[in-house]
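Please examine the protein chain shown below before reading on. The explanation is meant to be followed with the sequence and the 3D view side by side.

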Amino acid sequence: NAGTEANVYISVYGERGDTGSRQLLRSQKSKKFLKRQTDIFAVEAVHLGHLYKIVIGHNGLGSGNGWFLDKVVIKDPITDLDYTFLCHRWLDQGLDDGNIARELAVTDASTFPGRQELELKRKETWAAEKWKFQTGNTLQFYSKLTHGFICLNPDSRVDALGDKKNKYGKVFFIWMYA
């Protein structure tokens with residue numbers, strides 16, 4: 001009972017946008033979404049660039065609509081990259097957490113060009129900025145939204161009233177917009 005007869009939908013998200021919700025209609029198999037079966041679908045869309053997440057689910061209709069989804073692999077025919085989205089969970093109102101839709105992030109970091117560079121930049125930034133978060137320091141941020149200062153105190157208290165005066169002399173600007 002791990003397969004489903006419900007209508008399955010997918011939305012694919014990439015750096016250039018998303019596909020919108022698409023029903024997975026024609027599998028290369030005669031009967032789709034059966035237990036221990038790999039189904040293959042062609043989904044036409046503009047090139048989305050590098051993919052980072054999908055949302056997949058079903059409409060919950062039909063007998064035995066609960067579905068155990070192992071993973072989704074999307075092959076980009078332009079770049080010849082494979083994007084893997086691991087699930088290994090039920091999409092079933094009566095099992096697991098009761099959800100019939102899942103948001104899945106890409107699991108293979110190597111398919112995202114620049115990922116290593118981004119991680120290196122993050123580490124360099126943290127190395128340069130971590131002194132601000134040492135014990136005893138009070139951080140003060142200016143909010144452009146409230147035109148006041150927000151203070152993070154050493155004892156973990158947050159003064160978010162938006163004081164209009166700079167109390168501590170050092171300000172780290174973070175622009176906050178609503």
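The model is predicted: local features need pLDDT of at least 70, side-chain atom pairs count only at pLDDT 80 or more, and totals for chains, interfaces and linings use all residues. Residues are numbered from 1 along each chain as its sequence is written, and side-chain values use heavy atoms, with hydrogens and water left out.

The protein chain contains 11 strands and 1 helix; these are DSSP runs numbered from the N terminus, helices being H or I with at least four residues and strands E with at least two. Read from the N terminus, the order of elements is β-β-β-β-β-β-β-α-β-β-β-β. Of the 178 residues, 31% are buried, that is, under 20% relative accessible area with a 1.4 Å probe, protein chains only. The accessible surface of the chain is about 12100 Å², and carbon and sulfur atoms account for 53% of that area, calculated by the Shrake-Rupley method with a 1.4 Å probe.

The largest pocket holds about 1100 Å³ of space. Its lining consists of 36 residues, and those closest to the centre are D39, F41, V72, V73 and I74. A pocket here is an open set of points on a 1 Å grid over the protein atoms alone, where a 1.4 Å probe fits, with protein on both sides within 12 Å along at least five of seven lines; lining residues have an atom within 4 Å of a point. The volume is the space filled by probe spheres set on the points, which are joined across faces, edges and corners.

Which strand gives the most to this lining? Strand 5 does, with 9 residues. Strand 1 (8–14), strand 4 (51–58) and strand 5 (67–75) each supply at least two lining residues.

Strand 5 also runs antiparallel to strand 6 (residues 82–91), to which 8 bridges join it; two strands pair if DSSP finds at least two bridges between them. Within this pairing, I74 stands opposite Y83 of strand 6. The hairpin of strand 5 and strand 6 has 6 residues between the strands, and D80 there takes a positive phi near 65 degrees.

V8 belongs to strand 1. Is V8 buried or exposed? V8 counts as buried because its relative accessibility is 0%. Beyond its neighbours within four places in sequence, V8 is in contact with residues including L24, F33, I56 and W67, where contact means heavy atoms within 4.5 Å.

Terms used:
Buried < 20%, exposed > 50% of the residue type's maximum accessible area, 1.4 Å probe, protein only.
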